Amino acid sequence: MKMKGLLGVFEYLDDLVKALEVMREKNYEIKAVYSPVRSRQIIQALGLKPSPVRYFTLIGAISGIALGFGLAVYTALQWKFIVSGKPPVPRVPYVIVAFEFCILFGVLWNLASLWLNSRLPKLRLPEHYDPRFSGNRFGVVVTCTPSAQEQVVAILNESGAEEVHEAGE
Amino acid sequence: MQGFSYSEIDDKVLGTLAAPGKVYYVCLAFCFTGVLIGASCWGYQIATGLGAAGVMHPVNWGTYLVNFVFWVGIAHSGTLISAILYLFKAPWRTPLARSAEAMTVFAVSTAGLFPLIHLGRVWIVYWILPYPNQRNLWPNFQSPLVFDVIAISTYLIVSFLFWYTGLVPDLAIVRDRARGIRRRIYGWLSLGWTGSDRQWNHHGSAYLLFAALATPLVISVHSVVSWDFALGIAPGWHSTIFAPYFVAGAIHSGLAMVITLLIPLRRILGLEEILTMKIFDNVAKTIVFTGLIMGYSYLTEFFISWYSGNIAERAIFEWRATGHYALLFWMMVMCNSLAPLVFFLKWARTHIAPLLTISVLINLGMWYERYIIILSSPGHEFDPYSWGLFIGPTWVEYGIMLGSFSLFFFLFLLFAKFLPSVSMSELKEELPPPMRGQSV
């Protein structure tokens, strides 16, 4: 069935949260919620899980340690110079190399996973995007069947939406 | 930030991006001229050889290394303010963080030029990088100089990405208010950020992890810089105190530079209501703390040299305090340890003139500190036969130093006019969100 998208624009956060709770209760699909700031209330109302970015960062950091140590050991073994009777692979100074690589790769994976999970970069903004969402307004995009459109509009209006528009399919 | 609305914050900060006045262009032209002078001096040095600088046996590390350590130090407080204070949730961090992060990126970029300038043949700089080559020749990963290459490169990349990641939501605000080509440019820079629930959720986690990773990095970077000296056996350098001493010094100079930059900035950009005196009060209190650490470190160095019974150690510290560099040494003590004590007075922490004067003195003192550490030890090693003085700075070194300061201020001026110098999205986060329940 063809689905319709509806955009509600809110001035107040508590109104938006109320709308989100009702929408979730009635099993409407909330496609996106826009906010000028990071909001704990919105994340809680949507029941979002913690971001998987941390796992990517951990993998990056561990791979950085392995790469740092690996590179230092590999290069030392190319020549096997013995200085003052010490082993050609000194572990202590390589901790510094491994540490810096750990941070570097942790950060690179962190950023890559942020972009990947947030679907960035985007060449075009969504058609329904309103520039006020980065300023001082909140927005929610809900998809529903044409028959449920009236009910969704009513919920958004009753929750305190300033405006309700169609937001494409 | 109480008393502001979301729109007022946007208006206030976006107002700083309006067309600049004549004074701005004059400052920009002045700095650009300095950059050209520095570049010409470097060009002259490349053409004639490293002899154009005053580096000669026994003092082979001249002002280039002094400036390198100075700029790395300046870079430190940016990450301290933005990462460490973020983890501690210090509320006075937010208005400062963006400018401090920008300062970090520009200072590390400036610092990174000095090892290149100090190379005789800069066009083969890639030899210090670990890349596969025909003869399997690799850099020595036991060398503190290679640690330095890795640490500084990592710090530059991480600082830049941390700064940029925080900027993205603000760039979207600028995009949404801009028109024409500006809208398109800020659109590209903001990567299509919309502020959706998914984006904020991931951004929050990623930013926190950035801060968590940047915090140990900031400690490690200046420790690594200190090991350039401490892993050598020269008296006055070979000391276990060097890493914490350098980290504290870096934060000390960086905080002073934050004050030096932001006092004129808030005036020029009209940000007095956001960059309040309360914030400078807190920065000044932190400077008192780092200043006390500096004083303690200076005393400890002298005590250890006396207590160790090592003749060469005692000699170098006596020479620093009474010999050729004595004037600079006592200037250093006065600027770094005594002048910040004035900040014990609340009056000094909350008035522009003493804040600016003391912060400039600290910057000067920290430059002297690096000058004394780097130039005195190799000139006064174990054997009196090999003692000597630094014969510079030559006019080439002065020109390059002028160029480095000009480059730093030039980049900062461009930043202040083209990017939001205060984080709008983070300032908004500190406000209570708009609630119908609280509206009149």
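Mentor: Helix 4 of chain A and helix 5 (residues 144-177) of chain B pack with their axes 10 Å apart and at an angle of about 20°. Axes here are lines fitted to C-alpha atoms, for helices over the stretch in contact, and angles run from 0 to 180 degrees between N-to-C directions. Helix 4 of chain A is therefore roughly parallel to helix 5 of chain B (angles under 35 degrees count as roughly parallel, over 145 as roughly antiparallel, 65 to 115 as roughly perpendicular and the rest as oblique). The crossing of helix 4 of chain A with helix 5 of chain B is left-handed; a crossing is left-handed if the near helix is turned anticlockwise from the far one by less than a right angle, and right-handed if clockwise.

This is a predicted model, in which local features need pLDDT of at least 70, side-chain atom pairs count only at pLDDT 80 or more, and totals for chains, interfaces and linings use all residues. Residues are numbered from 1 along each chain as its sequence is written, while chains are lettered from A and ligands numbered from 1 in the order in which they are written. Helices (H or I, at least four residues) and strands (E, at least two) are DSSP runs, numbered from the N terminus.

On the side of helix 4 of chain A, the contact is made by A:I96, A:V97, A:E100, A:I103, A:L104, A:V107 and A:L111. Helix 5 of chain B contributes B:F147, B:I150, B:A151, B:T154, B:I157, B:V158, B:L161 and B:T165. Two residues are in contact if their C-beta atoms, placed from the backbone, lie within 7 Å. By class, the residues of this contact are twelve nonpolar, two polar and one charged (Ala, Val, Leu, Ile, Met, Phe, Trp, Tyr, Cys and Pro count as nonpolar, Asp, Glu, Lys and Arg as charged, and the others, Gly among them, as polar).

In the contact between the chains as a whole, chain A supplies 56 residues and chain B 50 residues. Helix 4 of chain A gives the largest share of the side of chain A that touches chain B, 14 residues. That side of chain A divides into 35 nonpolar, 14 polar and seven charged residues.

Chain B has 15 helices and zero strands. Its C-alpha trace spans about 80 × 55 × 40 Å along the principal axes. As for confidence, the model scores ipTM 0.94 and pTM 0.94.
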